Amino acid sequence: QLCFYLSLARMEFATASTLVFAGPLFVTALSGLVLKAPIGPWRWGAVLAGFAGVTLILQPGADAFSVWSLLPLGAALGYASSSVCAPLIDQDAPTPLVSLYASSAALVGAFCLAMADGGFTAFETWEEVALILSVGLCGGLGVFCLISAYRLASPPALAPFEYFGMIYALILGWLIFGESPLDKLFPGAPLIVAAGLTIAWRERRRRPKPA
C-alpha cells in the first residue's frame, strides 16, 4: 500500500494502476516457488511476456524513466505475496478474522511510518475526513474480497480476473483526473493482459475434467 500511494503522488493514476497489474504475474511465479504449484512452460512463457509488457510501459532507457516508476511493481509484489500466503492459513480460521489481523498489522506499520515521518496532520475539512474514511472502507472491503477469493480457489486461476481493475483504472483516471496516457500503455498493457489470459487458459486446461 505504501508503494502504491507513493507512486500515485508521482505518476499518472492509470499508468501506476496498470503497472500494479503485474501482480497476477508475480502470483503465478510465486505459486510455483512457494506453493509448489505446477507451472508449465506455457505459463512461465506468459509470465515472461507479461514482464516484457511491463518493460515497454516503464521504458527504462528513456529520459522520462525514474526510480519512482518501480514503486507500482513493489506494490504488485506485495499484493501477490499476500495473495499467495492466503492459502497457507488454516482453512478453519474465519476470513473476517484473517482480514482483521492483516488490517491490524497494517495499522501498526502505518502508525510507525507516520511517526517516523513527523507525526500526524490534523484534518482541516469534513471533506478530507470523508475521503480518508472512503479510502479505508473501499480498501478494507477489497482486501476482504481478495482474501476470501484466494482462500477458496487457486491463485493462478483467480489472478487474471484482476485485470478488470485495469479497465476501471483507465475509466476513473479519465473521468476524475482527465488523464489519457494511452500512448504510454500501448503495446505494453495489452501484452500484460494477453499474458494473464494465457495463464487463465492454461489453468483451465490443467484442471481434471469431471467424470
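**Entry 1: helix α3**

I listed the buried residues of α3 and found Gly-23, Pro-24, Leu-25, Phe-26, Val-27, Thr-28, Ala-29, Leu-30, Ser-31 and Gly-32. That makes α3 a mostly covered helix, with 10 of its 11 residues buried. I note here that the model is predicted.

**Entry 2: the nonpolar core**

I turned next to the largest nonpolar core, which has 30 residues. Which of them touch the most other members? I found Ala-22 and Val-54. I then looked up the helices behind this core: α2 (13–20), α3 (23–33), α4 (41–58), α5 (71–85) and α11 (188–206) each supply at least two of its residues.

I checked Ala-22 by itself, leaving aside neighbours within four places in sequence. Ala-22 is in contact with Phe-51, Val-54, Leu-73 and Ala-76.

**Entry 3: Ser-7**

I found Ser-7 in helix α1, which covers residues 2–8. Is Ser-7 buried or exposed? Ser-7 has a relative accessible area of 0%, so I wrote it down as buried. A polar atom of the Ser-7 side chain lies 2.6 Å from the backbone oxygen of Phe-4. Not counting residues up to four places away in sequence, Ser-7 touches Ala-16, Leu-71 and Pro-72.

**Entry 4: a nonpolar patch on the surface**

I looked for nonpolar residues on the surface and noted a patch formed by Phe-161, Phe-164, Ile-167, Tyr-168, Ile-171, Leu-172, Trp-174, Leu-175, Ile-176 and Phe-177. Together they have about 1,100 Å² of accessible area.

I picked Ile-176 from this patch. Ile-176 lies in helix α9, residues 164–177. Its relative accessible area is 58%, and the cut-off for exposed is over 50%, so Ile-176 counts as exposed.

I then looked up two places in the backbone.

What is the phi of Lys-36? I read a positive value of about 60°, although Lys-36 is not a glycine. Lys-36 is found in the loop between α3 and α4. With 65% relative accessibility, Lys-36 counts as exposed.

Where is the cis peptide bond that I noted? This bond joins Phe-186 and Pro-187, and omega is about 5°. I placed Pro-187 in the loop between α10 (182–185) and α11.

Technical notes: Residues numbered from 1 in each chain as written. Predicted model: local features only at pLDDT ≥ 70, side-chain atom pairs only at ≥ 80, totals over all residues. Heavy atoms only, no water. Core = buried A, V, L, I, M, F, W, Y, C linked by side-chain atoms within 4.5 Å. Buried < 20%, exposed > 50% of the residue type's maximum accessible area, 1.4 Å probe, protein only. Helix = DSSP H or I, 4+ residues; strand = E, 2+ residues; numbered from the N terminus. Contact = heavy atoms within 4.5 Å. Patch = residues over 30% accessible without salt bridge, like charges linked within 9 Å, V, L, I, M, F, W, Y side chains within 5 Å. Areas by Shrake-Rupley, 256 points an atom, 1.4 Å probe, with all protein chains shown as cover. Salt bridge = Lys/Arg side-chain N within 4 Å of Asp/Glu carboxyl O. Polar contact = N/O pair within 3.5 Å; in protein donor to acceptor, adjacent residues only side chain to side chain.
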